[in-house]
Amino acid sequence: MPLPLYLLAVAVFAMGTSEFMLAGLLPDIASDLDVSVGTAGMLTSAFAIGMIVGAPLVAALARNWPRRSSLLGFTLAFAAAHAVGSSTTSFPLLFATRVVAALANAGFLAVALTAAAALVAPDKKGRALAVLLSGTTVATIAGVPGGSALGALLGWRAVFLAVTALCLPAALGILKGIPAGRAREQAIGGAALRAELAQLAMPRLILVMLLGALVNAATFAGLTFLAPVVTGTAGLSELWISVALVLFGIGSFVGVTVAGRLSDRNPGAVIAVGGPLLLIGWPALAVLADEPVALLLLVFVQGALSFALGSTLITRVLYEAAGASTMAGSYATAALNIGAAVGPLIAAATLNTGAGSLGPLWSSGFLIAIALLIAFPFRAMITAGSNTEVLQ
C-alpha cells in the first residue's frame, strides 16, 4: 500500500479519536455543563448530522480543489473547533463546535476516501479502505481509551485540547506526503456533477448505503452509552471504561483487517456470517452485562463484528458508486454518519424506559434485526458478482 495512504490514516486517527471519545466523557461533560447524560449524548448526534450534511456538500465544493490543500484545510479547521470547544462553558456553543468539527471531518473523509481509492488498483479498494479505517480502529484502541483516562484524571477539556494537538502532526504528514494537484486532471463541469449525483438512483447503491447506515447506527447506539453500563450494571470503576474501549478498539482493528482481505472478492461471506452473529451479540451483551468478564469479552467480539460488517458494506458503496469518481467518498461518509446520528438518538430514548442503561444495547440488536430483515430478500442483489465486475 502507498505511503500517502498511511499518512491519511494518521489524520483519520486524530478525527476518529474525537468522534468516538465522547463514549467515555459523557458523564463528565453532563456534570460540568449541567445537562443530563441523554442530552450530552446529543453531541454525538450533532457530530454525525454535521457529517451527513457536510459530506456531499463539501465534497461537491472541493471536487476541483487541490487534494493536498483540501485535506490540510479540513484538518486545521477540525483542530480549531476543538480548541474552541475545550474552553467553552456553554453547552449550545460546544454543540456548535461539534457541528463545525463534523463538517471539517466530513470534507476530509470525502476527499480522503476518494483519494485512497485512486491510490490503488481498481480491485483493491477494500484493502485501501482497511488501511484508511485503521486510523479509526487505532483511535478506539489507543486514542479513545487514552482520552477516557485523561478525562478521568484532568477532565474532558484536556481531552479536547489533546485532539487539537493530535491534528498538528497529521497536518504536517499531509503537507509532506500528499502530492499537490487537483482532484482530477481535467476540469469538471456541472453536467458531470449531475451525472455523479444521478448514481444515487441506483437500487444496489441505495441498498448498501441503507444497510451500512443501520449497522453503524447499531454500533453507535451501544458504544455511545457504554460507560454507564460498565460503571453501573457491571459495577466497575471509571478506569474500566478505558479497558472496555480498548477491547472494543482491538476488536474493531481485527474486524477491519480481516474484512479488508475479504471484502474485495468475497463480501457475501462477511455479510452472511457477521450479520447473524451481530444479531445474537447485542442482546447477549445486554443480558450478561452484570458479569464483568462476559461483558468485556462481548465488547471485543461486537467491536470485531461491527467493523467487519460495516467496513464491508462501505466498501460495497465505493464499488457501486464507481461511476461517481469524486463523490463516491461522500456517499460512503454520509451512509456511515446517518447511522451515527440515528443510533444515539434511538439509544437515548431507551434510557428512561424500564431497560435503563441497558436500553442502548437492546436498541443495537433491534437495528441489526431491521438490517437483516431488509437484506434477506435482496441478498443476491447485494453480493451479485464480484466487485471487479461492478467496476466494469
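Predicted model: local features only at pLDDT ≥ 70, side-chain atom pairs only at ≥ 80, totals over all residues.
Trainee: Is phenylalanine 91 buried or exposed?
Mentor: Phenylalanine 91 counts as buried at 14% relative accessibility. Buried means under 20% relative accessible area, exposed over 50%, and partly exposed in between, with a 1.4 Å probe and protein chains only. Phenylalanine 95 is partly exposed at 32%.

Trainee: Which aromatic pair is edge-to-face?
Mentor: Phenylalanine 248 and phenylalanine 307 form an edge-to-face pair, 6.1 Å centre to centre with 80° between the planes. Rings of Phe, Tyr and Trp (its six-membered ring) pair if their centres lie within 6.5 Å; planes under 30 degrees apart are stacked, over 60 edge-to-face, and the rest tilted.

Trainee: What does that pair tie together?
Mentor: Phenylalanine 248 is in helix H11 (residues 239-262) and phenylalanine 307 in helix H13 (residues 292-320), so the pair ties together parts 59 residues apart in sequence. Phenylalanine 248 is buried at 3%, and phenylalanine 307 is buried at 12%.

Trainee: Switching topic. How many salt bridges are there?
Mentor: The whole structure has 3 salt bridges. The cut-off is a side-chain nitrogen of Lys or Arg within 4 Å of a carboxyl oxygen of Asp or Glu. One of them joins aspartate 32 and arginine 157, at 3.1 Å from N to O.

Trainee: Which helices hold aspartate 32 and arginine 157?
Mentor: Aspartate 32 lies in helix H1 (residues 3-32) and arginine 157 in helix H7 (residues 156-177), so the bridge ties together parts 125 residues apart in sequence. Aspartate 32 is partly exposed at 40%, as is arginine 157 at 23%.

Trainee: What does arginine 316 pair with?
Mentor: Arginine 316 forms a salt bridge with glutamate 320, with the closest N and O atoms 3.3 Å apart. Bridges that share partners join Arg204, Arg316 and Glu320 into one network.

Trainee: And how close are glutamate 320 and arginine 204?
Mentor: Their closest N and O atoms are 3.2 Å apart. Glutamate 320 is buried at 5%, whereas arginine 204 is partly exposed at 25%.

Notes:
Residues numbered from 1 in each chain as written. Heavy atoms only, no water. Helix = DSSP H or I, 4+ residues; strand = E, 2+ residues; numbered from the N terminus.
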